[in-house]
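Trainee: Could you take me through one part of this structure closely? I would like to look at the sheet and the aromatic rings around it.

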Amino acid sequence: MNAIITASDLMDELAGEQPPLLLDVRYQLGGPPGRPVYEAGHLPGAVYVDLEAELAGPAGAAGRHPLPDLSIFAAAMRRAGVRADRRVVAYDGGQGWAAARAWWLLRWAGHPSVRVLDGGLAAWTEHDGPLSTETTAPPEGDFEPRPGALPLLDADGAAALARRGLLLDARAAERYRGEVEPIDPVAGHIPGAVSAPTMENVTPEGRFLPAERLAERFAGLGATEEAEVGVYCGSGVSAAHQVLALAVAGVPAALYVGSWSEWSADSTRPVATGPDRG
């Protein structure tokens, strides 16, 4: 199954006999909470999911968006109506990062059918999709997380992969080079990592490039079906979007959830700067 779905295809599926469950995961780094915009208008039937509270644990030594406590995540998904036998589609405001985080977590936790709405809410409204202000309260789901369905890296694993395989840095190139660091305490990148800004995977409108173009881009970086690939970013959110783009291109990849926010918090870990892999 494709990891993404277009707005037109989603409309068709929602009109069918077995419509997918919709998760609204709107989130903005440093911005206001997503619930007010959900309440102002969302896809009919969608349930709001809070990235900070339900798709991540408290910020700390493990990073700004570490894995959530499994019991909290499971309870949130069941509250949202997630069932093992029902397809799920996650969407956000259009950037796709938050929706990709929900996609990755559910897939990692064993859900067999999760997709992201390509282009998010913006794509939906551009196709004249209706919006609702009614808060959805679906029947309780039965989802039980079984972690491990997708590969996961810790700091040591990311360092090792950068030496033996391919570790992609999904942040903006200037952060990779160490020229700026607006959030974390140290500028630079994990030694051996390769710069691969996740924003280069999408069009100016926020839609993913065609699978063939994504495959060409990743192949140019060394990411092929045969390669061992991992991804990190600042805190494990935009990196999930990169893992999603790799999945669209047919390339499996592991996610380093702690990412640079965890790596840079430990002063004993090495830091590289500059434009070259190293």
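Mentor: We start with the strands and then turn to the rings. This is a predicted model, where local features need pLDDT of at least 70, side-chain atom pairs count only at pLDDT 80 or more, and totals for chains, interfaces and linings use all residues. Residues are numbered from 1 along each chain as its sequence is written, and side-chain values use heavy atoms, with hydrogens and water left out.

Five strands form an open sheet, in the order 1-5-4-2-3, with parallel pairing. Strands here are DSSP runs of E, at least two residues long, and helices are runs of H or I, at least four, each numbered from the N terminus. Two strands pair if DSSP finds at least two bridges between them. Strand 1 (4-5) and strand 3 (47-48) are the edge strands, and each pairs on one side only. In general, strands of a sheet pair through backbone hydrogen bonds, either parallel or antiparallel.

Now walk across the sheet. Strand 2 (residues 21-24) pairs with strand 3 in the parallel sense over two bridges. Here Leu 23 has Val 47 as its bridge partner in strand 3. Strand 2 is also joined to strand 4, by four bridges, and the two run parallel. Leu 23 stands opposite Ala 90 in strand 4.

Next comes strand 4 (residues 88-91). Val 88 and Ala 90 point one way from it, Val 89 and Tyr 91 the other way, and all are buried. Buried means under 20% relative accessible area, exposed over 50%, and partly exposed in between (1.4 Å probe, protein chains only). In a regular strand the side chains alternate between the two faces of the sheet.

Three bridges join strand 4 to strand 5 (residues 114-117), again in parallel. Val 88 has Val 114 as its bridge partner in strand 5. The chain crosses from strand 4 through helix 5 (residues 97-108) to strand 5 in a right-handed β-α-β crossover. Right-handed means that, with the strands pointing away from the viewer, the path from the first strand over the helix to the second runs clockwise.

Now the rings. A search of the whole structure finds two aromatic pairs. Rings of Phe, Tyr and Trp (its six-membered ring) pair if their centres lie within 6.5 Å; planes under 30 degrees apart count as stacked, over 60 as edge-to-face and the rest as tilted. Tyr 38 and Tyr 48 form a tilted pair, 5.7 Å centre to centre with 40° between the planes. Tyr 38 lies in helix 2 (residues 35-40) and Tyr 48 in strand 3. Both are buried. Trp 104 and Trp 108 form a stacked pair, 5.6 Å centre to centre with 10° between the planes.
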